[in-house]
Amino acid sequence: MQRYFRLVLFAAVMLVVLAIPVAAVLARSYFLAPTAQPVKAQPIQFPHQVHVQGMGLDCTFCHRGATTSAQATIPALEFCMNCHKIIPWEGRPDLERLVQAFQSGQTIQWNKVHQLPDHVHFVHAVHLNFGFQCADCHGDVGSMGKPGVKQVRDLRMGDCLTCHQQNGARTDCSVCHY
Ligand code: HEC
Ligand code: HEC
Ligand code: HEC
Ligand code: HEC
Ligand code: HEC
């Protein structure tokens, strides 16, 4: 009995010790505001700053769906290569990855920065046609360089509802859930 008691005690202590880091990881992903999440790692570090501030490209030059549909969308590699086939890439790891992926017919799997659960319905076009700017929800993306985009606004249910109330938009559950 004595032997088993020590074994059980040991197991219990180990469980508690192991539970602390697990709980910390879970708390980080589930309970922290999305804006407190670290910048997501991307297969290619895409600098918005170079393309937006540096070259003066419009957001919708690349995110073509934003004003017409639900998804803003991220352009395919062919689109990037319109410019990048004539820009030197040797010795620049991010551009080497871009060109190699294109030449071998691969696609880039961008990690989602903003991600609502599947049961929530969001439509970019309605918000932009109402007169909001990208920056109202995404902040100053044009000045974000490497490593990548960071979420700056909460964009959870309370935040959606507050803005809907302030602007006379519908707030019944079926607007966003169906
Ligand atoms: C030259 C093309 C290009 C332009 C111009 C551009 N973007 Fe992007 N954008 C991308 C690419 C590629 C990604 C994916 C990489 C990433 O998330 O860092 C991205 C990612 C994003 C994301 C994160 C998407 C997610 O996963 O949640 C947001 C938000 C965004 N862009 C907003 C903007 C805004 C606002 C502007 C204008 C100020 C803009 N973009 C201009 C190419 C572009
Ligand atoms: C309108 C032309 C144009 C388009 C479209 C474009 N880029 Fe660029 N990109 C540039 C220019 C110009 C530079 C700066 C090159 C330099 O510094 O020599 C650049 C720089 C970059 C860099 C930084 C390279 C480094 O080593 O710092 C990355 C990464 C990049 N682009 C990825 C992309 C991706 C991914 C897409 C498609 C979503 C894209 N670009 C679309 C013109 C473009
Ligand atoms: C009213 C707030 C709001 C505005 C305004 C807004 N977005 Fe978004 N955006 C969101 C939300 C919320 C998500 C996450 C959607 C999801 O997970 O289904 C998102 C996701 C994205 C994504 C990644 C998924 C996708 O739809 O392709 C990109 C890229 C993006 N936004 C770009 C833009 C650009 C560019 C503009 C301006 C032309 C813009 N957004 C304006 C709230 C907004
Ligand atoms: C910056 C303010 C703002 C934020 C933030 C915002 N919305 Fe909206 N939303 C509006 C306004 C205003 C309208 C009404 C547009 C109209 O009537 O033309 C609207 C309309 C909508 C519609 C279309 C409703 C319809 O009648 O078809 C949906 C769906 C929606 N929002 C979902 C969301 C979700 C989900 C979020 C949070 C992730 C969100 N919105 C965040 C202001 C906002
Ligand atoms: C303007 C958009 C909007 C409206 C209206 C809305 N919701 Fe939500 N709801 C969201 C978003 C965005 C999320 C996901 C983010 C979060 O958990 O806050 C969500 C999440 C939820 C969740 C899941 C919470 C969780 O922990 O995963 C429930 C349950 C819910 N909503 C119920 C409702 C009910 C009931 C109503 C009507 C009284 C309602 N919602 C109206 C946007 C909305």
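## The overall pattern

Going along the sequence, the protein chain reads α-α-α-α-α-α-α-α-α. That's nine helices and zero strands, where helices (H or I, at least four residues) and strands (E, at least two) are DSSP runs numbered from the N terminus.

This is a predicted model, where local features need pLDDT of at least 70, side-chain atom pairs count only at pLDDT 80 or more, and totals for chains, interfaces and linings use all residues. Residues are numbered from 1 along each chain as its sequence is written, while chains are lettered from A and ligands numbered from 1 in the order in which they are written.

Now take contacts (C-beta atoms, placed from the backbone, within 7 Å) between residues at least 6 apart in sequence: 68% of them join residues at least 24 apart.

## Around ligand 1

Ligand 1 is surrounded by 21 residues, and Cys59, Cys62, Val113, Cys134 and Gly148 are the closest. To be in this shell, a residue needs its C-beta atom, placed from the backbone, within 6 Å. Helices H2 (48-54), H3 (59-62) and H7 (134-138) each give at least two residues.

## Around ligand 5

Here the shell has 13 residues, with Arg156, Met157, Cys160, Cys173 and Cys176 the closest. Helix H8 (157-166) and helix H9 (173-176) are the elements giving two or more residues, and the largest share, four residues, comes from H8.

Definitions and conventions. Contact = placed C-beta atoms within 7 Å.
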